[in-house]
Amino acid sequence: AGCAYVPQDNFLFSATIESNIAFASDGDNAFTVEESAILADIHSNIMDFGKGYQTVLGERGVTVSGGQKQRISIARALMKNAPILILDDSVSAIETKTEKTILENLRKVREDKTTILIAHRVSTIENMDKIIFIDDGKILGIGTHTELYSSCNEYKNMVELQRLEDEREVSQ
């Protein structure tokens, strides 16, 4: 099983949503297509399409948003149930509320597995067990959000800057 990888720019096939999610499965899956979609918080969107999981994506089929594409790809990776899951900035197009739901689901179902999350938003990583803060290829700090916030000025500055940006977006 090895490793499942979800890149930021993921690839969906011109096929049904079901076959896109089941693509990496080997018949020995911990979850069904629907369970994976629920965990990736995409199930209700899929059910809104006329043909549900049988909806064809791509060329002559339905076009999905960037966030929906990312969530379908996360569902695909969850089907693999790999010991290591790498999410490479793969929640960047997903709104914060949906992202929180997905991360809570991952925490529950991947309890005894390794999940590596690469992200630029503090809100994405602040509840992780361990954060490795990298800037310009250099590791500037390793620890929990609280530890880094108190020990690493660059991390603290980034947190404050993102908070200001979030407040500005809310007030507009």
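Predicted model: local features only at pLDDT ≥ 70, side-chain atom pairs only at ≥ 80, totals over all residues.
## Charged side chains and their partners

Arg121 is partly exposed, with a relative accessible area of 26%. What does Arg121 form with Glu99? The two residues form a salt bridge, and their closest N and O atoms are 2.2 Å apart. This pair ties together distant parts of the chain, 22 residues apart: Arg121 sits in the loop between strand E3 (114-118) and helix H6 (122-125), while Glu99 belongs to helix H5 (residues 96-109).

Is Glu99 buried or exposed? Glu99 has a relative accessible area of 1%, so this residue is buried, the cut-off for that class being under 20%.

Now to another pair. The side chains of Asp129 and Arg107 also meet in a salt bridge, at 3.5 Å from N to O. Here too distant parts of the chain are linked: Asp129 lies in the loop between H6 and strand E4 (131-135), and Arg107 lies in helix H5, 22 residues apart. Asp129 counts as exposed because its relative accessibility is 65%, and the class begins over 50%. Arg107, with 42%, counts as partly exposed.

The remaining pair is Glu160 and Arg163, whose side chains meet at 3.6 Å, N to O. Where do these two residues lie? Both are in helix H8 (residues 153-171), three residues apart, which is about one turn of the helix. Glu160 counts as partly exposed at 31% relative accessibility, and Arg163 is partly exposed as well, at 39%.

Altogether the count comes to three salt bridges, and here they are side by side:

| Glu99 | Arg121 | 2.2 Å |

Glu165, Asp166, Glu167 and Glu169 gather in a patch of negative charge on the surface. One of them, Glu165, is found in helix H8.

Methods
Residues numbered from 1 in each chain as written. Heavy atoms only, no water. Salt bridge = Lys/Arg side-chain N within 4 Å of Asp/Glu carboxyl O. Helix = DSSP H or I, 4+ residues; strand = E, 2+ residues; numbered from the N terminus. Buried < 20%, exposed > 50% of the residue type's maximum accessible area, 1.4 Å probe, protein only. Patch = residues over 30% accessible without salt bridge, like charges linked within 9 Å, V, L, I, M, F, W, Y side chains within 5 Å. Areas by Shrake-Rupley, 256 points an atom, 1.4 Å probe, with all protein chains shown as cover. Lys, Arg positive; Asp, Glu negative; His and termini not counted. Charge placed at Lys NZ, Arg CZ, Asp CG, Glu CD.
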